[in-house]
Amino acid sequence: MKPVNERWDSFSEKEENNIHVQKRLMNALDKLDTLLDGSLVIHCIYDEDRDENNYHRQGLACDCHVNGWHPLDMFFFVERQYLFTGIGLYGPDVWHNPGLHIDLRDRPGRWAFKKRDQDERVMVALDKRYISYLLNLLP
């Protein structure tokens with residue numbers, strides 16, 4: 001996959017079709033991708049099918065992972081960079097590739113998502129209990 005900074009052309013082309021990704025999100029993702037030597041894998045940035053208050057819909061959020069990284073390692077690495085105010089953790093029970101939701105919300109937020117049943121996931125505290133749960137799911 002191409003590094004993030006070489007992928008922005010595809011987003012700017014879509015802008016003509018009313019898809020908007022905020023420039024400050026693109027800049028933060030570029031910085032993160034540079035720190036990761038171009039290994040950031042993006043799942044979703046803009047999603048017009050979400051609620052209008054959703055950060056993806058506002059062009060301020062990204063779902064992503066880094067190949068070969070444990071999601072907890074990625075979480076703590078991203079948190080130490082101070083590039084994003086919202087950081088959510090998705091384990092393998094929720095996503096095929098465990099990773100993060102990162103965004104540029106106004107107030108800091110940290111959370112995790114856990115599968116409740118076959119079709120539903122629930123937001124949970126990113127605490128010792130969830131970390132133990134996640135460590136049991138991943139090698």
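Analyst: A helix here is a DSSP run of H or I with at least four residues, a strand is a run of E with at least two, and both are numbered from the N terminus. The model is predicted: local features need pLDDT of at least 70, side-chain atom pairs count only at pLDDT 80 or more, and totals for chains, interfaces and linings use all residues. Residues are numbered from 1 along each chain as its sequence is written, and side-chain values use heavy atoms, without hydrogens and water.

User: What follows H2, and what is its phi?

Analyst: Asp37 follows H2. Its phi is positive, near 55 degrees.

User: How do you know that the span of helix H2 agrees with its number of residues?

Analyst: The expected span is 1.5 Å times one less than the number of residues. H2 (residues 23–35) has 13 residues, so it should span 18 Å. Its end C-alpha atoms are 19 Å apart, which agrees.

User: Which residues in H2 are called buried?

Analyst: Buried means under 20% relative accessible area, exposed over 50%, and partly exposed in between (1.4 Å probe, protein chains only). Leu25, Met26, Ala28, Leu29, Leu32 and Asp33 are buried in H2.

User: Why are the buried residues of H2 said to line one face?

Analyst: The arc uses the directions from the helix axis to the C-beta atoms. Down the axis of H2, the buried residues fall within an arc of 165 degrees, so they line one face. The face turned away from that buried side carries the exposed residues Lys23, Lys31 and Thr34.

User: What makes S1 and S6 the edges of the sheet?

Analyst: Strands pair if DSSP finds at least two bridges between them. The open sheet has six strands in the order S1-S2-S4-S3-S5-S6, with mixed pairing. S1 (40–44) and S6 (120–124) each have a single partner strand, so one side of each is left without a neighbour in the sheet.

User: How do you know that S3 and S5 pair?

Analyst: S3 (residues 86–90) and S5 (residues 109–117) share five bridges, in the parallel sense. The definition asks for at least two, so they pair.

User: What does Arg105 touch?

Analyst: Contact means heavy atoms within 4.5 Å. Arg105 lies in the loop between S4 and S5. Leaving out residues up to four places away in sequence, Arg105 touches Tyr55, Thr85, Gly86 and Trp111.
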